[in-house]
Amino acid sequence: MLNPYFLRNELNIIAKKLLKKGYILDISKISSMEDKRKKLQIATEDLQFKHNSLSNLVRESKTKKNQHSISKKKLIESAKTLHDLKNQLNILKEEIYNFSMCIPNIPADDVPKGNSSIYNKEVKYWGKKRKYNFIVQDHITIGKKFQELDLESSAKISGSRFVVMHGKIALLHRALSQFMLDLHTLNHGYIETYVPYLVKPKALYGTGQLPKFSHDLFHITMIDEKKYILIPTGEVPLTNLVCNKIINENDLPIMLTAHTPCFRSEASSYGRDSRGLIRLHQFDKVELVQIVTPEKSEAALEELTNHAEKVLQLLDLPYRKVLLCAGEMGFSAVKTYDLEVWFPSQKKYREISSCSNMHDFQARRMKARYKKKSEQKNCFVHTLNGSGLAIGRTLAAILENYQHSDGRVEIPKILQKKYMQGLEFIN
């Protein structure tokens, strides 16, 4: 959530900055609530002072029966009024809190204006697109030809937007996750972490998926009425590991990675990419999370994005790096880079990783702080996350980019010996 101080004292500036993200802040509503809160706060504090004075008077008047009786009656009336005022104030504070929880993060100054992908800024291109002397097939056709990508069986079992994999394609899927984890832990310094796939709603409030994006999540209510939500990304459990903690500054940065399944209802993307591995209800991803001091978060975003890029470079998959415009960024993000891999069947780049800096937006919601040595005070950490990478989309990109005219699919060299049991081709 945003710093309450800015919402109280720099409301017009905040509203102007949020317009860049396409969000219209209801200034009149929040101003009205704040004015009412201030009046209630003052009235409550004044009455509390009078109530305390009256309480002292009651104690002092115990020897004088008539005066004691009158003072005690006034004290009871004062206590009731004070209780009512405090209730009103707490209800209003909760209303302001719930309102502020729905306000998105403010985009960084260098984030382009705009509300669609045409305003995204292309930062760089990497790799050469392969040239083919035959008709390029998409990953769905290739997978079906091998009888190892089984969308029909998954539809019978679970419905659309699920997949069953067999044989060498299933092996490649597993190999990619192991390769990514090894790279990020051994070369990039992340700590491999195993996390729950079911979380309490509070965890999703912490990272910003709730309350706004409830319709995109899979909710589970148990027989005992306990509520859980299937994680939409490993970011949720990984980032919440610092919830309600005060971290020693010497222990930062914290760098975590995890391979998890991810579950998304994709309610807001009806009709888009409903075939193949691009937009599934259940997919696997290797997530990268960094918890850093505010001074280092800008550099940390560049570093984290480079770590995700390294996966594509080692797999020799052509991609481009894009700085998202304000309207295309996520709810919690200050700045986001998307990595988009080349799909020859579509002749276009498709997102395979999204790397974001959240500043202290998530930390405020989670009460995640660190003890700053120089000032001996507790400050909010900055949180960052990114895909390193989405495994299904990486698999799809390999099937398409590495296809041969004879129908075989070459396996990227870095995977062959260590991760693919010496196989050079899927045939």
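This is a predicted model: local features need pLDDT of at least 70, side-chain atom pairs count only at pLDDT 80 or more; totals for chains, interfaces and linings use all residues.
1. Strand 10 (282–292) is largely enclosed by the rest of the structure, because 10 of its 11 residues are buried.

2. With strand 9 (254–263) the pairing is antiparallel and is made by 10 bridges. Within that pair, Thr260 stands opposite Lys285 of strand 10. With strand 16, residues 382–390, strand 10 again runs antiparallel, and here 7 bridges join the two. Val289 has Asn385 of strand 16 as its bridge partner. In general, the strands of a sheet pair through backbone hydrogen bonds, in either the parallel or the antiparallel sense.

3. How many residues of strand 12 are buried? The count is 9 of 9, so strand 12 is largely enclosed by the rest of the structure. The burial applies to both faces: Lys335, Tyr337, Leu339, Val341 and Phe343 are buried on one side, and Thr336, Asp338, Glu340 and Trp342 are buried on the other.

4. Strand 12 (335–343) pairs with strand 11 (319–323) in the antiparallel sense, over 5 bridges. Arg320 stands opposite Glu340 of strand 12 in this pairing. Strand 12 is also joined to strand 13 by 9 bridges, and these two strands run antiparallel. Lys335 stands opposite Asn357 of strand 13. Strand 12 and strand 13 form a hairpin with 4 residues between the strands, where Lys347 takes a positive phi near 55 degrees.

5. The UniProt record, an unreviewed entry, carries the annotation "binding site" for Arg264, Ser265, Glu266, Glu351, Ile352, Ser353 and Ser354.

6. Arg264 is found in the loop between strand 9 and strand 10. Is Arg264 buried or partly exposed? Its relative accessibility is 28%, so Arg264 counts as partly exposed; the cut-off for buried is under 20%. Leaving out residues up to four places away in sequence, Arg264 touches Asp216, Phe218, Pro232, Thr233, Leu280, His281, Phe283 and Lys285. One of these, Pro232, has its backbone oxygen 2.8 Å from a polar atom of the Arg264 side chain. Lys285, also in the contact list of Arg264, is the residue of strand 10 that Thr260 stands opposite.

7. Ser354 lies in strand 13, residues 348–357. With a relative accessible area of 21%, Ser354 is partly exposed; since buried means under 20%, the value falls just outside that class. Its contacts, leaving aside neighbours within four places in sequence, are Thr336, Tyr337, Asp338, Asn385, Gly386 and Ser387. The side chains of Ser354 and Asp338 are joined by a polar contact of 2.8 Å.

8. Met329 sits in the loop between strand 11 and strand 12. The residue is buried, with a relative accessible area of 8%. Which residues does Met329 touch, not counting residues up to four places away in sequence? They are Lys21, Pro107, Val111, Leu324, Val334, Lys335 and Thr336. Met329 and Ser116 are 213 residues apart in sequence, yet their C-alpha atoms are 9.8 Å apart in space.

9. In helix 2 (residues 11–19), the buried residues are Leu11, Ile14, Ala15 and Leu18. Seen down the helix axis, they fall within an arc of 100 degrees, so they line one face of helix 2. The face turned away from that buried side carries the exposed residues Asn12, Lys16 and Leu19. Helix 1 (4–9) and helix 3 (27–60) are included in what covers the buried residues of helix 2.

10. A separate point concerns an open sheet of 3 strands, in the order 5-7-6 with antiparallel pairing. Strand 5 (198–199) and strand 6 (219–221) are its edge strands, each pairing on one side only. Strand 5 is joined to strand 7, residues 227–230, by 2 bridges. Val199 has Ile229 of strand 7 as its bridge partner.

Notes. Residues are numbered from 1 along each chain as its sequence is written. Side-chain values use heavy atoms; hydrogens and water are left out. Buried means under 20% relative accessible area, exposed over 50%, partly exposed in between (1.4 Å probe, protein chains only). The arc is that of the directions from the helix axis to the C-beta atoms. Contact means heavy atoms within 4.5 Å. Two strands pair if DSSP finds at least two bridges between them. UniProt positions are given in the numbering used here, feature names are shortened, and annotations may be inferred rather than shown by experiment. A polar contact is a pair of N or O atoms within 3.5 Å; within protein, one must be able to donate a hydrogen and the other to accept it, and residues adjacent in sequence count only if both atoms are side-chain atoms.
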